Amino acid sequence: SILGNHYHAYRELFYVLKGNAEYILEDLETGQINKIFLKEGDSILIEAKVAHKAFLYNGTVMIESTEEQYVSPENNDVRYEVKHEF
C-alpha cells in the first residue's frame, strides 16, 4: 500500500510492530528529501510541515501517534504530492 502524500502542522510518530515500510520525507521549508527504510521494531518521528509518503509491504502492522487529536483526513491532512519515487 502507498499511503500519505500529505503533511501536518504537528509531529507524528510511527512504530513498526511487524513487517517493513519505506518512507519518503520532504521538508517543505528546506526542500530536503530523505528516504528511510523501516523494519520490525523501528520507529520514525516525522516533524511538522514535513510531507511524507509511505510504502507498506504486505502484512505490515504499524502504530501511529500524533501530537494533536486526529479527527479525519479533511481536518488533519494537508494534501501534498511527494513526487519522488521509492
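Predicted model: local features only at pLDDT ≥ 70, side-chain atom pairs only at ≥ 80, totals over all residues.
Glutamate 12 is buried, and it has no salt bridge. The nearest side chain of opposite charge belongs to arginine 79, and that is 10 Å away. What does the side chain of glutamate 12 make polar contacts with? One partner is the side chain of histidine 8, at 3.1 Å. Another is the side chain of histidine 52, with a polar contact of 3.0 Å. If we leave aside neighbours within four places in sequence, glutamate 12 is in contact with Ile44, Leu45, Ile46, His52, Glu64, Ser65 and Thr66.

Three residues in that list, Ile44, Leu45 and Ile46, take us to strand 5, where the side chains alternate. Ile44 and Ile46 point to one face and are buried. Strand 5 pairs with strand 2 in the antiparallel sense, over 4 bridges. Within that pairing, leucine 13 has leucine 45 of strand 5 as its bridge partner.

Nonpolar side chains in soluble globular proteins tend to be buried together. Here the largest nonpolar core has 11 residues: Phe14, Val16, Ala21, Tyr23, Leu25, Leu38, Ile44, Ile46, Val50, Ala54 and Leu56. Two or more of these residues come from each of strand 2, strand 3 (20-27), strand 5 (43-46) and strand 6 (50-56). Isoleucine 44 is one of the core residues. Not counting residues up to four places away in sequence, isoleucine 44 touches Glu12, Leu13, Phe14, Tyr23, Leu25, Ile36 and Leu38. So that contact list includes the buried glutamate we began with.

Isoleucine 36 is also on that list, and it lies in strand 4, residues 33-39. Is isoleucine 36 buried or partly exposed? Its relative accessibility is 28%, so it counts as partly exposed. With residues up to four places away left out, isoleucine 36 touches Ala21, Glu22, Tyr23, Leu25 and Ile44. The C-alpha atoms of isoleucine 36 and glutamate 22 are 5.7 Å apart, although the two residues are separated by 14 residues along the chain.

That brings in the pairing of strands 3 and 4, which is antiparallel over 7 bridges. Isoleucine 24 has lysine 35 in strand 4 as its bridge partner. The two strands form a hairpin with 5 residues between them. In the turn, glycine 31 has a positive phi of about 80°.

Strand 3 is also joined to strand 6, again by 7 bridges, and these two run antiparallel. There, the bridge partner of aspartate 27 is valine 50 in strand 6. Strand 6 in turn is joined to strand 1, residues 2-7, by 4 antiparallel bridges. Isoleucine 2 stands opposite phenylalanine 55 of strand 6.

What is the order of the open sheet of 5 strands? The order is 4-3-6-1-8, with antiparallel pairing. Strand 4 and strand 8 (78-79) stand at the edges, and each has a single partner strand, so one side of each is left without a neighbour in the sheet.

To recap: glutamate 12 is buried without a salt bridge, and its side chain has polar contacts with histidine 8 and histidine 52. Isoleucine 36, in strand 4, is partly exposed, and strand 4 is at an edge of the sheet.

Notes:
Residues numbered from 1 in each chain as written. Heavy atoms only, no water. Buried < 20%, exposed > 50% of the residue type's maximum accessible area, 1.4 Å probe, protein only. Lys, Arg positive; Asp, Glu negative; His and termini not counted. Salt bridge = Lys/Arg side-chain N within 4 Å of Asp/Glu carboxyl O. Polar contact = N/O pair within 3.5 Å; in protein donor to acceptor, adjacent residues only side chain to side chain. Contact = heavy atoms within 4.5 Å. Core = buried A, V, L, I, M, F, W, Y, C linked by side-chain atoms within 4.5 Å. Pairing = 2+ DSSP bridges.
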